[in-house]
Amino acid sequence: MPDSDATATFRQLHHDSGPLLLPNAWDTGSARLLASLGFRALATTSSGYAASLGRLDGSLSRDEALEHTAQLVRATALPVNADLENCFADEPAGAAETIRLALGTGTAGASIEDFSGRPDSPIYDLGLATDRVQAAAEAAHAGPQRLVLTARAENHLHGRADLADTITRLQAYQEAGADVLYAPGLTSADDIRAVVTSVDRPVNVLAMSATPTVAELAEIGVARISVGGAFAFAALGALVESARELLDQGTYGYTTRSAAGRAAVESGFSDESGAGTA
(Lines give C-alpha, C1' and ligand atoms only; values in the text may rest on other atoms or scores of the structure.)
Protein backbone atom coordinates (compact mmCIF):
# COMPACT_ATOMS: atom_id res chain seq x y z
CA MET A 1 0.00 0.00 0.00
CA PRO A 2 1.20 3.57 -0.57
CA ASP A 3 1.95 5.97 2.27
CA SER A 4 -1.15 6.98 4.22
CA ASP A 5 -0.83 10.54 2.92
CA ALA A 6 -0.91 9.48 -0.77
CA THR A 7 -4.43 10.81 -1.21
CA ALA A 8 -3.56 14.15 0.40
CA THR A 9 -0.49 14.38 -1.82
CA PHE A 10 -2.53 13.58 -4.91
CA ARG A 11 -5.14 16.18 -4.00
CA GLN A 12 -2.47 18.84 -3.46
CA LEU A 13 -0.84 18.09 -6.81
CA HIS A 14 -3.99 19.45 -8.48
CA HIS A 15 -3.34 22.86 -6.94
CA ASP A 16 0.33 23.39 -7.80
CA SER A 17 1.53 26.22 -10.02
CA GLY A 18 1.44 24.11 -13.21
CA PRO A 19 -0.63 21.21 -14.49
CA LEU A 20 -0.06 17.78 -12.97
CA LEU A 21 1.23 15.55 -15.78
CA LEU A 22 -0.49 12.24 -15.13
CA PRO A 23 0.79 9.39 -17.36
CA ASN A 24 -1.32 6.25 -17.64
CA ALA A 25 0.65 3.05 -16.97
CA TRP A 26 -0.57 -0.35 -18.10
CA ASP A 27 1.58 -2.74 -16.06
CA THR A 28 4.15 -2.82 -13.25
CA GLY A 29 7.09 -2.25 -15.59
CA SER A 30 5.60 0.79 -17.30
CA ALA A 31 4.60 2.21 -13.91
CA ARG A 32 8.13 1.87 -12.55
CA LEU A 33 9.68 3.34 -15.68
CA LEU A 34 7.38 6.35 -15.57
CA ALA A 35 8.13 6.85 -11.88
CA SER A 36 11.87 6.70 -12.59
CA LEU A 37 11.49 9.51 -15.14
CA GLY A 38 10.20 11.90 -12.50
CA PHE A 39 6.42 11.90 -12.79
CA ARG A 40 4.73 12.69 -9.50
CA ALA A 41 1.62 10.50 -9.86
CA LEU A 42 0.31 7.75 -12.12
CA ALA A 43 -3.02 6.61 -13.52
CA THR A 44 -4.26 3.30 -14.83
CA THR A 45 -5.66 2.95 -18.34
CA SER A 46 -8.52 0.60 -19.11
CA SER A 47 -7.72 0.49 -22.82
CA GLY A 48 -3.99 -0.02 -22.31
CA TYR A 49 -4.47 -2.74 -19.73
CA ALA A 50 -7.08 -4.50 -21.87
CA ALA A 51 -4.63 -4.41 -24.81
CA SER A 52 -1.95 -6.01 -22.63
CA LEU A 53 -4.39 -8.89 -22.14
CA GLY A 54 -5.06 -9.15 -25.88
CA ARG A 55 -8.51 -7.58 -25.53
CA LEU A 56 -10.35 -4.41 -26.52
CA ASP A 57 -11.31 -1.53 -24.26
CA GLY A 58 -14.54 -2.09 -22.40
CA SER A 59 -13.89 -5.81 -21.87
CA LEU A 60 -12.49 -5.63 -18.33
CA SER A 61 -14.50 -6.87 -15.39
CA ARG A 62 -14.68 -4.90 -12.17
CA ASP A 63 -12.53 -7.47 -10.38
CA GLU A 64 -9.89 -7.24 -13.11
CA ALA A 65 -9.82 -3.44 -12.99
CA LEU A 66 -9.52 -3.41 -9.21
CA GLU A 67 -6.76 -6.01 -9.16
CA HIS A 68 -4.90 -4.05 -11.82
CA THR A 69 -5.25 -0.90 -9.73
CA ALA A 70 -3.83 -2.70 -6.70
CA GLN A 71 -0.94 -3.94 -8.86
CA LEU A 72 0.00 -0.42 -9.90
CA VAL A 73 -0.37 0.87 -6.35
CA ARG A 74 2.17 -1.73 -5.26
CA ALA A 75 4.50 -0.93 -8.15
CA THR A 76 5.73 2.47 -6.90
CA ALA A 77 5.35 4.89 -4.01
CA LEU A 78 3.48 7.39 -6.22
CA PRO A 79 -0.22 8.17 -5.83
CA VAL A 80 -2.38 6.32 -8.36
CA ASN A 81 -5.64 7.34 -10.01
CA ALA A 82 -7.82 4.40 -11.08
CA ASP A 83 -9.63 4.40 -14.42
CA LEU A 84 -12.84 2.62 -13.41
CA GLU A 85 -14.83 3.33 -16.58
CA ASN A 86 -18.52 3.70 -15.63
CA CYS A 87 -17.79 2.03 -12.29
CA PHE A 88 -19.14 -1.17 -13.84
CA ALA A 89 -22.73 -0.33 -12.94
CA ASP A 90 -25.66 1.63 -14.30
CA GLU A 91 -27.30 2.32 -10.97
CA PRO A 92 -25.92 4.68 -8.31
CA ALA A 93 -25.67 1.95 -5.66
CA GLY A 94 -23.53 -0.19 -7.93
CA ALA A 95 -21.23 2.73 -8.76
CA ALA A 96 -20.83 3.46 -5.05
CA GLU A 97 -19.95 -0.16 -4.34
CA THR A 98 -17.19 -0.05 -6.95
CA ILE A 99 -15.72 3.03 -5.26
CA ARG A 100 -15.91 1.33 -1.85
CA LEU A 101 -14.03 -1.64 -3.27
CA ALA A 102 -11.48 0.69 -4.87
CA LEU A 103 -10.68 2.09 -1.44
CA GLY A 104 -9.31 -1.33 -0.55
CA THR A 105 -6.71 -1.18 -3.35
CA GLY A 106 -4.87 1.77 -1.82
CA THR A 107 -5.56 4.01 -4.80
CA ALA A 108 -5.48 7.76 -4.15
CA GLY A 109 -8.11 8.58 -6.74
CA ALA A 110 -10.70 7.06 -9.04
CA SER A 111 -12.88 8.13 -11.94
CA ILE A 112 -16.49 7.64 -12.94
CA GLU A 113 -17.77 8.12 -16.50
CA ASP A 114 -21.23 8.99 -17.79
CA PHE A 115 -20.68 6.67 -20.79
CA SER A 116 -23.17 3.82 -20.56
CA GLY A 117 -21.40 1.47 -22.97
CA ARG A 118 -24.59 1.08 -25.03
CA PRO A 119 -24.29 2.11 -28.71
CA ASP A 120 -27.95 3.12 -28.92
CA SER A 121 -27.77 5.38 -25.87
CA PRO A 122 -24.11 6.01 -25.04
CA ILE A 123 -24.51 8.79 -22.46
CA TYR A 124 -26.55 8.44 -19.31
CA ASP A 125 -29.46 10.81 -18.78
CA LEU A 126 -28.25 13.84 -16.82
CA GLY A 127 -30.36 13.03 -13.78
CA LEU A 128 -29.12 9.46 -13.51
CA ALA A 129 -25.56 10.51 -14.33
CA THR A 130 -25.61 13.08 -11.52
CA ASP A 131 -27.07 10.60 -9.05
CA ARG A 132 -24.30 8.17 -9.94
CA VAL A 133 -21.63 10.80 -9.29
CA GLN A 134 -23.26 11.75 -5.99
CA ALA A 135 -23.33 8.14 -4.81
CA ALA A 136 -19.73 7.62 -5.90
CA ALA A 137 -18.63 10.83 -4.15
CA GLU A 138 -20.35 9.83 -0.92
CA ALA A 139 -18.53 6.50 -1.00
CA ALA A 140 -15.22 8.15 -1.90
CA HIS A 141 -15.45 10.64 0.96
CA ALA A 142 -17.06 8.48 3.66
CA GLY A 143 -13.97 7.23 5.46
CA PRO A 144 -10.66 8.56 6.76
CA GLN A 145 -9.10 8.01 3.30
CA ARG A 146 -11.01 10.41 1.06
CA LEU A 147 -10.41 9.36 -2.52
CA VAL A 148 -10.02 12.10 -5.10
CA LEU A 149 -13.03 11.45 -7.33
CA THR A 150 -12.89 12.49 -10.97
CA ALA A 151 -16.22 12.81 -12.79
CA ARG A 152 -16.03 12.48 -16.57
CA ALA A 153 -18.44 13.90 -19.16
CA GLU A 154 -17.92 11.65 -22.17
CA ASN A 155 -19.97 13.49 -24.83
CA HIS A 156 -17.06 14.39 -27.09
CA LEU A 157 -15.71 10.84 -27.30
CA HIS A 158 -19.07 9.48 -28.44
CA GLY A 159 -20.35 11.73 -31.20
CA ARG A 160 -22.03 14.37 -29.04
CA ALA A 161 -20.07 17.57 -29.67
CA ASP A 162 -22.38 19.62 -27.45
CA LEU A 163 -20.17 21.87 -25.33
CA ALA A 164 -23.10 23.49 -23.53
CA ASP A 165 -24.40 20.10 -22.39
CA THR A 166 -20.89 19.03 -21.39
CA ILE A 167 -20.50 22.11 -19.21
CA THR A 168 -23.96 21.61 -17.70
CA ARG A 169 -22.99 18.05 -16.82
CA LEU A 170 -19.67 19.03 -15.28
CA GLN A 171 -21.36 21.71 -13.20
CA ALA A 172 -23.89 19.14 -11.99
CA TYR A 173 -21.12 16.67 -11.15
CA GLN A 174 -19.32 19.39 -9.22
CA GLU A 175 -22.42 20.03 -7.14
CA ALA A 176 -22.78 16.26 -6.64
CA GLY A 177 -19.39 16.13 -4.94
CA ALA A 178 -16.75 15.42 -7.60
CA ASP A 179 -13.24 16.64 -6.76
CA VAL A 180 -11.92 16.82 -10.34
CA LEU A 181 -13.82 17.36 -13.61
CA TYR A 182 -12.91 15.88 -16.99
CA ALA A 183 -14.35 16.13 -20.50
CA PRO A 184 -12.11 13.93 -22.66
CA GLY A 185 -12.05 14.75 -26.36
CA LEU A 186 -11.90 18.54 -26.12
CA THR A 187 -9.00 19.94 -28.14
CA SER A 188 -9.95 23.55 -28.83
CA ALA A 189 -8.29 26.05 -26.50
CA ASP A 190 -11.52 28.08 -26.46
CA ASP A 191 -13.61 25.04 -25.50
CA ILE A 192 -11.19 24.03 -22.77
CA ARG A 193 -11.11 27.58 -21.43
CA ALA A 194 -14.92 27.64 -21.40
CA VAL A 195 -14.93 24.50 -19.23
CA VAL A 196 -12.24 25.76 -16.85
CA THR A 197 -14.00 29.10 -16.33
CA SER A 198 -17.41 27.48 -15.84
CA VAL A 199 -16.52 25.27 -12.86
CA ASP A 200 -14.82 25.63 -9.50
CA ARG A 201 -12.92 22.33 -9.43
CA PRO A 202 -9.62 21.27 -11.00
CA VAL A 203 -10.04 20.26 -14.64
CA ASN A 204 -8.28 17.36 -16.37
CA VAL A 205 -7.56 17.43 -20.10
CA LEU A 206 -6.79 14.39 -22.25
CA ALA A 207 -3.64 14.90 -24.32
CA MET A 208 -4.46 14.25 -27.99
CA SER A 209 -2.68 15.14 -31.21
CA ALA A 210 -4.55 18.44 -31.59
CA THR A 211 -4.53 19.38 -27.89
CA PRO A 212 -2.80 22.65 -26.96
CA THR A 213 0.68 22.29 -25.48
CA VAL A 214 1.29 21.87 -21.78
CA ALA A 215 2.35 25.51 -21.55
CA GLU A 216 -0.83 26.65 -23.30
CA LEU A 217 -3.02 24.49 -21.06
CA ALA A 218 -1.23 25.92 -18.03
CA GLU A 219 -2.08 29.43 -19.20
CA ILE A 220 -5.73 28.42 -19.57
CA GLY A 221 -5.76 27.11 -16.00
CA VAL A 222 -5.91 23.35 -16.57
CA ALA A 223 -4.93 21.48 -13.42
CA ARG A 224 -4.14 18.02 -14.80
CA ILE A 225 -3.16 16.44 -18.12
CA SER A 226 -3.47 12.69 -18.72
CA VAL A 227 -2.68 10.55 -21.75
CA GLY A 228 -5.23 7.72 -21.56
CA GLY A 229 -4.04 4.67 -23.46
CA ALA A 230 -1.71 6.65 -25.73
CA PHE A 231 1.57 5.59 -24.11
CA ALA A 232 0.49 1.95 -24.14
CA PHE A 233 -0.42 2.11 -27.82
CA ALA A 234 2.77 4.02 -28.64
CA ALA A 235 4.70 1.11 -27.11
CA LEU A 236 2.64 -1.38 -29.11
CA GLY A 237 3.19 0.71 -32.22
CA ALA A 238 6.96 0.47 -31.69
CA LEU A 239 6.58 -3.30 -31.35
CA VAL A 240 4.67 -3.51 -34.65
CA GLU A 241 7.20 -1.31 -36.47
CA SER A 242 10.08 -3.45 -35.19
CA ALA A 243 8.35 -6.69 -36.12
CA ARG A 244 7.47 -5.44 -39.62
CA GLU A 245 11.06 -4.37 -40.19
CA LEU A 246 12.27 -7.88 -39.35
CA LEU A 247 9.53 -9.59 -41.37
CA ASP A 248 9.48 -7.35 -44.43
CA GLN A 249 13.02 -6.00 -44.68
CA GLY A 250 15.12 -8.50 -42.79
CA THR A 251 17.02 -5.71 -41.09
CA TYR A 252 17.59 -4.80 -37.45
CA GLY A 253 17.23 -1.06 -37.17
CA TYR A 254 14.93 -1.59 -34.23
CA THR A 255 17.96 -2.46 -32.11
CA THR A 256 18.65 1.26 -31.69
CA ARG A 257 15.28 1.70 -30.02
CA SER A 258 15.84 -1.56 -28.15
CA ALA A 259 19.10 -0.26 -26.69
CA ALA A 260 17.35 2.87 -25.43
CA GLY A 261 14.65 0.75 -23.84
CA ARG A 262 17.16 -1.58 -22.21
CA ALA A 263 19.08 1.37 -20.78
CA ALA A 264 15.86 2.84 -19.37
CA VAL A 265 14.98 -0.48 -17.74
CA GLU A 266 18.42 -0.94 -16.25
CA SER A 267 18.30 2.57 -14.81
CA GLY A 268 14.66 2.62 -13.77
CA PHE A 269 14.55 -0.85 -12.23
CA SER A 270 17.88 -0.73 -10.42
CA ASP A 271 16.55 0.98 -7.29
CA GLU A 272 13.87 -1.04 -5.52
CA SER A 273 13.25 1.81 -3.08
CA GLY A 274 10.76 3.37 -5.50
CA ALA A 275 8.34 0.47 -5.21
CA GLY A 276 5.41 0.47 -2.85
CA THR A 277 4.91 -2.17 -0.19
CA ALA A 278 2.15 -4.74 -0.31
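Begin by selecting leucine 236, a partly exposed residue with a relative accessible area of 35%. The structure is a predicted model, in which local features need pLDDT of at least 70 and side-chain atom pairs count only at pLDDT 80 or more, while totals for chains, interfaces and linings use all residues. Residues are numbered from 1 along each chain as its sequence is written, and side-chain values use heavy atoms, with hydrogens and water left out.

**Stop 1: a patch on the surface**

Leucine 236 belongs to helix H10, which covers residues 230-249. Helices (H or I, at least four residues) and strands (E, at least two) are DSSP runs, numbered from the N terminus.

**Stop 2: a pair of rings**

Next, select tyrosine 252 and tyrosine 254. One aromatic pair is found in a search of the whole structure. Tyrosine 252 and tyrosine 254 form this pair in an edge-to-face arrangement, with 6.5 Å centre to centre and 85° between the planes. Rings of Phe, Tyr and Trp (its six-membered ring) pair if their centres lie within 6.5 Å; planes under 30 degrees apart count as stacked, over 60 as edge-to-face and the rest as tilted. Tyrosine 252 is exposed at 53% relative accessible area, whereas tyrosine 254 is partly exposed at 23%.

**Stop 3: the interior**

Proceed to leucine 170 in helix H7 (residues 163-175). Is leucine 170 buried or exposed? Its relative accessibility is 1%, so leucine 170 counts as buried. Apart from residues up to four places away in sequence, leucine 170 touches Ala151, Ala153, Leu181, Tyr182, Ala183, Val195 and Val199; contact means heavy atoms within 4.5 Å. For a view across the model, select alanine 31 as well: the C-alpha atoms of leucine 170 and alanine 31 are separated by 30 Å, and the two residues are 139 residues apart along the chain.

The largest nonpolar core has 42 residues, of which Leu84, Ile99, Ile112, Leu170, Tyr173, Ile192 and Val222 touch the most other members. Helix H6 (residues 126-140) contributes the largest share of this core, seven residues. A second, separate core has nine residues, including Leu20, Leu22, Ala41 and Val180. A nonpolar core is a set of buried Ala, Val, Leu, Ile, Met, Phe, Trp, Tyr and Cys residues joined through side-chain atoms within 4.5 Å. In soluble globular proteins, nonpolar side chains tend to be buried together.

Phenylalanine 10, in helix H1 (residues 6-13), is the next selection. Phenylalanine 10 is buried, with a relative accessible area of 0%. Beyond its neighbours up to four places away in sequence, phenylalanine 10 touches Leu20, Leu22, Ala41, Pro79, Asn81, Ala108, Gly109, Val148 and Arg224.

**Stop 4: charged partners**

How many salt bridges does a search of the whole structure find? The search finds 14 salt bridges, each being a side-chain nitrogen of Lys or Arg within 4 Å of a carboxyl oxygen of Asp or Glu.

- Select arginine 74 and glutamate 67: the closest N and O atoms of this salt bridge are 3.2 Å apart. Arginine 74 is partly exposed at 34% relative accessibility, and glutamate 67 is partly exposed at 46%.
- Select arginine 152 and glutamate 154: their side chains meet in a salt bridge of 2.8 Å, N to O. Arginine 152 and glutamate 154 are both buried.
- Select aspartate 165 and arginine 160: their salt bridge is 3.6 Å, N to O. Aspartate 165 counts as buried at 18%, while arginine 160 is partly exposed at 32%. Through shared partners, salt bridges join Asp114, Arg160, Asp165 and Arg169 into one network.

**Stop 5: a loop**

Finally, select methionine 208 in the loop between strand E8 (203-206) and helix H9 (214-220). Methionine 208 is partly exposed, with a relative accessible area of 36%. Leaving aside neighbours within four places in sequence, methionine 208 is in contact with Gly185 and Thr187.

Conventions: Buried means under 20% relative accessible area, exposed over 50%, partly exposed in between (1.4 Å probe, protein chains only).
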